[in-house]
Amino acid sequence: MVKTLDRGLENREIVLDILTEVLEQGAFVHLVLNQALQKYQYLGKADRSFITRAVEGTLEYLIQIDEVINRYSKTKINKMKPFIRSLLRMSVYQILYMDRVPDSAVCNEAVKMAVKRHFS
C-alpha cells in the first residue's frame, strides 16, 4: 500500500511540474508532456495514463477550475504563488472530474507535496 501511495505522489509531482512549466512558463503542453513521459518511461501504462489525463484534463477545464477556486478561496487565483496555483488546479480537476481517484487521496497527496516543497 505504501508503494502505491508513493507512486501516486510521484505521478502527481510529475503532473504538477508539467502544469507549472506549461501554465507559468508558456511551454507547449504536447512537448513538455512527451518529454516527461520519455523521461519516466519506466512507469507503467496506468501511471502514464494518469499523468496524461491529469495534465490534459486540467488544461481543458482550466476556466471552470479557476472559477471554482476563486469562488472558495480568499486568495484569488491570479494572486497565488505559481506552485500553489498549479497544485490547486490539478487537485480540483482530480476531485471534480476523475471519479476513480478518492477525494481523500487527492487532498492527502496535495498536502504532502506542499509540505515537501516547504509550503506548510
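Biologist: How do H4 and H5 lie relative to each other, roughly parallel or roughly perpendicular?

Modeller: In this predicted model, the axes of H4 (residues 62-72) and H5 (residues 82-97) come within 10 Å and cross at roughly 100 degrees. Axes are lines fitted to C-alpha atoms, for helices over the stretch in contact, with angles from 0 to 180 degrees between N-to-C directions; helices (H or I, at least four residues) and strands (E, at least two) are DSSP runs numbered from the N terminus. Under 35 degrees counts as roughly parallel, over 145 as roughly antiparallel, 65 to 115 as roughly perpendicular and the rest as oblique. So H4 and H5 are roughly perpendicular.

Biologist: What kind of model is this?

Modeller: Residues are numbered from 1 along each chain as its sequence is written, and side-chain values use heavy atoms, leaving out hydrogens and water. Local features need pLDDT of at least 70, side-chain atom pairs count only at pLDDT 80 or more, and totals for chains, interfaces and linings use all residues, as this is a predicted model.

Biologist: How many residues in the contact of H4 with H5 are nonpolar?

Modeller: Contact means heavy atoms within 4.5 Å, and the H4 residues involved include Leu62 and Ile65, which belong to a group meeting H5 residues such as Leu88 and Val92. Ala, Val, Leu, Ile, Met, Phe, Trp, Tyr, Cys and Pro count as nonpolar, Asp, Glu, Lys and Arg as charged, and the others, Gly among them, as polar. One residue of this contact is polar, two are charged, and the nonpolar ones number nine.

Biologist: Within what arc do the buried residues of H4 fall?

Modeller: Buried means under 20% relative accessible area, exposed over 50%, partly exposed in between (1.4 Å probe, protein chains only). In H4, the buried ones are Leu62, Ile65, Asp66 and Ile69. They line one face of the helix, because the directions from the axis to their C-beta atoms fall within an arc of 95 degrees.

Biologist: Is arginine 85 buried or exposed?

Modeller: Arginine 85 sits in H5. Beyond its neighbours within four places in sequence, arginine 85 touches Glu24, Ile77, Asn78, Lys79 and Met80. With a relative accessible area of 11%, arginine 85 is buried.
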